[in-house]
Amino acid sequence: MKRLRRVPEYEVIAEFLRNEFYQNEFHEDRDRFEKLVMEPDLASASENALRRALLFRRRGHMWRELPADTQWWQVELEPADVSLIRVFPRAQWRKVSDGSFQLTDIVRRIRTQHFTGKTRSFISKVKSLSYRLRYEHDNSCVLLIGIDEARPMTILEGNHRLTALLLAEPSLLSARFRVLTGFSPRMTQSCWYETNLSNLWHYAKNRFRNLHDKEADVSRVQATAMPGGSNVYEVPSRKIASGD
């Protein structure tokens, strides 16, 4: 793995949010914030604050579990790095994994095993994405987390795309996506990197503490972050006030 450049947290959040913006949580606000998400001005502190609030609406519980000293880097993956990458053990990936969440083992099982029911439908979607990625360039980012380059890395965002690309053509791994990796010597304290009772208990306490998440209150952030305290965000052709 080759570190290319240091990446500020607000840029990582912008990329994470862009990948998530199709989700239902953003349906009512998609028209209002589409330009802010899809064409981000990373030099704008007010925009960065709003993107963080929007992401926290869906992923605040995830972001809080990353160590405070996490440093983000854009990296270039090399063929040997694939053996260090693993998917996070959740949802349909548990049914595919057979106990191993190493990305290469997941891909091997998809290629060789017969799945049924909902898992078969899930695999079909991954294979369809794999076919598309074989021929189309994708400008999105995938996010990894780890301790350093020599130890295992977990996919924080991008499980489907990395699996699909490895199914299609492993040599394309460094050509199709930009890869952002968060490094911290304390990453083992995150439940997204290492799932154990201590980390899960910490996660549960944080979830309870933030049931009413002020950091995800877009209207509050908008009122304080925009110049003059305005809670109106400009979009092409009209203004929409918070709460519409």
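Modeller: Happy to. Let's start with a term we'll need: buried means under 20% relative accessible area, and exposed means over 50%. Also keep in mind that this is a predicted model.

Colleague: Thanks! So is valine 142 buried or exposed?

Modeller: Valine 142 is buried, because its relative accessibility is 0% and the cut-off for buried is under 20%.

Colleague: And where does valine 142 lie?

Modeller: Valine 142 is part of strand S4, which covers residues 141-146.

Colleague: Which residues is valine 142 in contact with, leaving aside its neighbours within four places in sequence?

Modeller: There are Glu157, Gly158, Arg161 and Leu162, and then Phe177, Arg178, Val179 and Leu180. Another pair to look at is valine 142 and glutamate 15: they are 127 residues apart along the chain, yet their C-alpha atoms are separated by 8.5 Å.

Colleague: What does the side chain of glutamine 74 join up with?

Modeller: The side chain of arginine 5, through a polar contact of 2.8 Å. If you skip neighbours within four places in sequence, arginine 5 is one of the residues in contact with glutamine 74, and the others are Lys2, Arg3, Leu4, Val7, Arg178, Val179 and Leu180.

Colleague: Switching to helices. How do H6 and H7 pack?

Modeller: Two packed helices are described by the angle between their axes and the distance between the axes. Helix H6 spans residues 117-135 and helix H7 spans 159-168; the angle is about 65° and the axes are 8 Å apart. Their crossing is right-handed.

Colleague: Which residues meet there?

Modeller: From H6 you have Phe122, Val126, Leu129, Ser130, Leu133 and Arg134, and they meet His160, Arg161, Thr163, Ala164, Leu165, Leu167 and Ala168 of H7. Sorted by class, that contact has eight nonpolar, three polar and two charged residues.

Colleague: And H5 with H7, at what angle do they pack?

Modeller: About 65°, with the axes of H5 and H7 10 Å apart. H5 passes H7 in a right-handed crossing. On the H5 side the contact is made by Leu103, Thr104, Ile106, Val107, Ile110 and Arg111, and on the H7 side by Leu162, Thr163, Leu166 and Leu167. By class, this contact of H5 with H7 has seven nonpolar, two polar and one charged residues.

Colleague: What about asparagine 48, where is that?

Modeller: Asparagine 48 lies in helix H3, residues 45-63, and counts as buried because its relative accessibility is 12%. Its side chain has a polar contact of 2.7 Å with the side chain of arginine 51. The side chain of asparagine 48 also reaches the backbone oxygen of leucine 42, at 3.1 Å. Apart from neighbours within four places in sequence, asparagine 48 is in contact with Tyr10, Asp41 and Leu42.

Colleague: On to loops. Is aspartate 98 buried or exposed?

Modeller: Exposed, because its relative accessible area is 60% and the cut-off is over 50%. Aspartate 98 sits in the loop between helix H4 (92-97) and helix H5 (103-112). Its phi is near 60°, a positive value in a residue other than glycine.

Colleague: And serine 184, which loop is that in?

Modeller: The loop between strand S6 (178-183) and helix H9 (197-209). Serine 184 counts as buried, since its relative accessibility is 0%.

Colleague: What does serine 184 touch?

Modeller: Not counting residues up to four places away in sequence, serine 184 touches Pro67, Asp69, Thr70, Gly146 and Ile147. With aspartate 69, the side chains are joined by a polar contact of 2.6 Å. Arginine 109 is another story: serine 184 and arginine 109 are 75 residues apart in sequence and 31 Å apart in space, C-alpha to C-alpha.

How values were computed
Residues are numbered from 1 along each chain as its sequence is written. This is a predicted model: local features need pLDDT of at least 70, side-chain atom pairs count only at pLDDT 80 or more; totals for chains, interfaces and linings use all residues. Side-chain values use heavy atoms; hydrogens and water are left out. Axes are lines fitted to C-alpha atoms, for helices over the stretch in contact, and angles run from 0 to 180 degrees between N-to-C directions. Helices (H or I, at least four residues) and strands (E, at least two) are DSSP runs, numbered from the N terminus. A crossing is left-handed if the near helix is turned anticlockwise from the far one by less than a right angle, and right-handed if clockwise. Contact means heavy atoms within 4.5 Å. Ala, Val, Leu, Ile, Met, Phe, Trp, Tyr, Cys and Pro count as nonpolar, Asp, Glu, Lys and Arg as charged, and the others, Gly among them, as polar. A polar contact is a pair of N or O atoms within 3.5 Å; within protein, one must be able to donate a hydrogen and the other to accept it, and residues adjacent in sequence count only if both atoms are side-chain atoms. Buried means under 20% relative accessible area, exposed over 50%, partly exposed in between (1.4 Å probe, protein chains only).
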